[in-house]
Amino acid sequence: MTKPKRIVLAKIGLDGHDRGIKVVARGLRDAGFHVIYAGLWQSPEAVVQAVADEDADWLGISMLSGAHMTQVPQVMDLLRTSGLDHVGVIVGGIIPEADADALRKLGVARVFGPGTPMNEIADFLRQGTSRAQR
Amino acid sequence: MPSVNELLQRFRSKDRLALSRLLTLAANNDQTTAIRHAIAGQPAKGRVVAFTGSGGVGKSSLIGRLIGLLRGRGKSIAVLACDPQSSVTGGALLGDRLRMSGNEGDAGVFIRSVAAAGGHQAIAENLELMIRLLSVFGFELVLLETVGAGQGDTAVRSLADVLVLLLQPETGDELQWEKAGLLEVADVVVVHKSDLPGAAKVETQVRSQLNMPGFRKIPVLAATALNGEGLEALWEAVERVG
């Protein structure tokens, strides 16, 4: 039997829009994932500590504030310096396509925009490989 | 994927990521014999304080507040927070650490969310091994949070040095406090959300019913995580137990 994958879901910074991430949390729960919901107003440091202590396979960050090009690179740096290169990162929310390319270059596995069907995210997490395995 | 032997070696040199991965193996019932064998006989000074009570009574929030209080006293703290795992899909939404934020960068705090399958009395499989790993690693306190459990889920008793049962206002009349189950085995009872109306009434009822002449005396206290009121008295009561 395969063990359920663990994913930390968090919002970083002052962005208070958490409807989307809650829908994703529920959807992934129903898809058989163990979802650690870290919630709103997290710092990059808090998120990376959660990933470490929870031994997460994936980290999902929701950004609707426009601060993604500031906050996500900090998270990627912290993951690397904390020895967490094996953790895959996905980003959701309002991310312009040009920024999505830049985030992928930083090592983000995938950027999901508004309207993404839930099974697309679940299938990606099941089949997609996190960074270190690629 | 590092081998269990490599992980255990790193664990012995206090590598937190190795601890984290060993907890995953324990939770998944994977290579537990090797892990048990490796840490058998190792000194472990951790004191285990468990918190139980119905879903929404405020266990996570109370623990979140206690972490602040106890870190101020220099105790290193590990938390194992159980939430239910779906019997339908095997999935879980683990939402306890959300209430315990503000400890990033503090090596003296370790919080782990654990999915607990149904039918195990509100605690996860191999929880005793996870407690032992945290304790051998060096955490002085292991705070254990059960899945929401109200009356009969007493299995947590055998895992804890101190068992704290949380109640809240508007949870029943005095006959509730005569019932067997968790009330029989708890060391400390907290009427949580003491800022809400009706809390004093429940506190009085529970105290008088539990401590009737001729029966075991157990402390009954009021507290609220909203502003931390009552937490110092609660921790004093916990420390007085055994």
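1. Start with the strand pairing across the two chains. In this predicted model, β2(A) runs parallel to strand β3 (residues 92-94) of chain B, and the two are joined over 3 bridges. If you want one pair to click on, take A:I36, whose bridge partner in β3(B) is B:L94.

2. Now the wider interface. Contacts link 26 residues of chain A with 25 residues of chain B. On the chain A side, α1 (19-30), β2 (34-42) and α2 (44-53) each supply at least two of the residues that touch chain B.

3. Next, a helix pair inside chain B. Helix α1 (residues 4-12) and helix α2 (residues 16-27) of chain B have axes that come within 8 Å and cross at roughly 135 degrees. That angle is why α1(B) counts as oblique to α2(B). The crossing of α1(B) and α2(B) is left-handed.

4. Which residues make that contact? From α1(B) they are B:V4, B:L7, B:R10 and B:F11, and from α2(B) they are B:A18, B:L19, B:R21, B:L22 and B:L25. By class, the contact of α1(B) with α2(B) has 7 nonpolar and 2 charged residues, with no polar ones.

5. Last, the confidence figures. Chain B has a mean pLDDT of 93, and 100% of its residues reach 70 or more. For the model, the scores are ipTM 0.92 and pTM 0.94.

Terms used: Residues numbered from 1 in each chain as written. Chains lettered and ligands numbered in written order. Predicted model: local features only at pLDDT ≥ 70, side-chain atom pairs only at ≥ 80, totals over all residues. pLDDT = per-residue confidence, 0-100. Axes fitted to C-alpha atoms, helices over the stretch in contact; angles between N-to-C directions. Helix = DSSP H or I, 4+ residues; strand = E, 2+ residues; numbered from the N terminus. Parallel < 35°, antiparallel > 145°, perpendicular 65-115°, else oblique. Left-handed = near helix turned anticlockwise from the far one by under 90°. Contact = placed C-beta atoms within 7 Å. Nonpolar A, V, L, I, M, F, W, Y, C, P; charged D, E, K, R; others polar. Pairing = 2+ DSSP bridges.
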